[in-house]
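Subject: Structure for your files

Dear colleague,

Here is the structure you will need to have open while reading this. My notes come after it.

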Amino acid sequence: MRKKLLLGTLAVLASSGFILYQNASAVVGPCVNCHTMHNSQHGVYPWDSNASYATGTVSSTNVVPMTFSNSTTPIRNLLRGDCRYCHTYGMAPKAGTLYYGDHLWPYVDSTTQPEYPATGDAYTTGNYSTATWGQNRALAGGSFYWGRTEDSRFAHNVADLGMPPDPNIGLTPPGWDANATHFTDAIFGSKVANGEATWTHQLTCAGVYGCHGRHNASTLDSFAGINGAHHSNMYGWVNGTGTIGNSYRFLAGIAGYEHDYYEYAAVADANSVSHNIYYGVNRSSEDPTTANPHTISYLCAECHGMFHSGPEISRDPNAIDSPIGTPWLRHPTDFDLSNAGPATIGVDGHTDVEYKYYNGGNPTSAPYSMFAPVATDNYTLLTDNTISWTGDDAIVTCISCHRAHGSPYYDLLRWDYSTCTADSASTNATLMNECGCMVCHTTKG
């Protein structure tokens with residue numbers, strides 16, 4: 001179903017009187033939860049290891065640092081924790097639980113292996129269909145855990161998390177397009193890595209070499225990239241204009257709807273939305289200068305531009321502005337399934353193109369899949385759980401197939417691609433559940 005909303009500080013659903021609030025200041029509560037004014041305790045500094053102090057009736061020669069990790073090294077911005085500590089399950093004390101009433105404390109890594117939604121039914125009948133707060137589950141972006149502990153190819157290799165560069169790739173991302181005239185963020189007009197031909201620094205969480213925050217930060221650390229964003233964060237639908245806090249998940253210039261629970265479970269949040277809503281725009285050309293800078297795939301293209309646009313996407317490999325369409329040379333992104341060609345009409349009893357049977361649906365409507373999600377291009381509509389095939393609401397994105405942070409599979413894929421089997425004896429429903437490819441390619445099983 002689709003819900004018409006007026007955007008702004010609050011949006012009104014006219015049909016039911018439902019109000020969607022776009023709330024500011026995501027970080028609420030005592031300042032000491034995040035900050036320390038002088039990084040001292042009991043009159044001594046944490047780095048003075050020989051000092052002693054008294055706590056009640058107990059004396060100790062061990063100074064308690066004000067940093068959550070017990071490090072004696074002060075952290076920038078008077079913080080008590082860094083990106084890694086505050087967003088790692090098993091470190092951050094509230095990770096996986098609710099704060100501010102109805103929002104999940106997000107985490108991107110775990111000290112122990114997290115649960116992962118490896119099949120489609122994880123979201124419909126499995127653990128991800130209900131919310132048991134506090135469990136160690138991979139969220140919508142997946143987890144860096146597997147890339148950090150098992151194989152570097154299972155995740156983005158982020159320096160802030162203590163991960164070495166991928167030995168197969170090095171520092172420069174695959175598909176990197178150093179052309180500084182496009183793939184700049186929509187707020188500051190800055191380019192990742194300052195547009196250098198080959199990267200000279202490893203990927204970070206945020207900043208010049210990061211995914212989150214501003215790429216024109218004055219220093220290379222992640223703190224400079226997202227400085228102030230936590231205090232200006234907007235909940236709900238964000239349009240990616242003005243500030244990092246008004247950008248989807250602090251991704252500069254990116255738009256979308258932020259599920260309050262980060263897809264910890266497929267349950268409705270305060271706005272009756274049960275999953276993230278990704279913004280996409282159906283495009284008709286490979287020309288990267290025409291790509292909409294607010295889509296989730298554009299975010300990926302800022303580092304992997306050759307996979308998104310360029311002369312090797314489809315049709316004429318010698319023309320950069322070749323029309324989008326078959327034959328594909330790379331998997332399409334920012335392309336609406338409604339516009340796919342009719343080659344598979346009549347296969348498996350289909351009376352329309354196979355993609356309009358997405359996730360077991362039909363050309364009239366189809367259930368949204370959190371296993372293989374698609375995007376919508378309409379700023380004034382919120383998609384809940386049904387694809388209507390009107391208004392470009394089935395747009396393929398990079399994260400239709402990949403997790404943003406990591407997964408238990410190569411190339412950060414959402415499912416185990418190596419086990420996908422075409423022309424199988426299994427039913428389409430079974431194949432869609434086990435292999436996300438079949439959620440869209442419904443006649444290939």
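This is a predicted model: local features need pLDDT of at least 70, side-chain atom pairs count only at pLDDT 80 or more; totals for chains, interfaces and linings use all residues.

Residues are numbered from 1 along each chain as its sequence is written, and side-chain values use heavy atoms, with hydrogens and water left out.

Helix 5

Helices (H or I, at least four residues) and strands (E, at least two) are DSSP runs, numbered from the N terminus.

Ten of the 13 residues of helix 5 are buried, so the helix is largely enclosed by the rest of the structure. Buried means under 20% relative accessible area, exposed over 50% and partly exposed in between (1.4 Å probe, protein chains only). E302 is among the buried residues, as are C300 and C303. The buried residues pack against strand 11 (210-212), strand 14 (277-278) and strand 19 (395-396), contact meaning heavy atoms within 4.5 Å.

The second largest pocket

A pocket is an open set of points on a 1 Å grid over the protein atoms alone, where a 1.4 Å probe fits, with protein on both sides within 12 Å along at least five of seven lines; lining residues have an atom within 4 Å of a point. The second largest pocket holds about 280 Å³ of space and is lined by 18 residues, with G120, T124, N359, Y368 and S369 nearest its centre. Helix 6 (residues 428-434) gives the largest share of the lining, three residues.

N359 lies in the loop between strand 15 (335-336) and strand 16 (366-367). N359 has a positive phi of about 55° although it is not a glycine.

Two other loop residues

L412, in the loop between strand 19 and helix 6, also has a positive phi, near 60°. L412 counts as buried, at 10% relative accessibility.

G436 sits in the loop between helix 6 and helix 7 (437-440) and is buried, with a relative accessible area of 3%. Not counting residues up to four places away in sequence, G436 touches F371, A372 and W415.

Regards

Key. Grid points are joined across faces, edges and corners, and a volume is the space filled by probe spheres set on the points.
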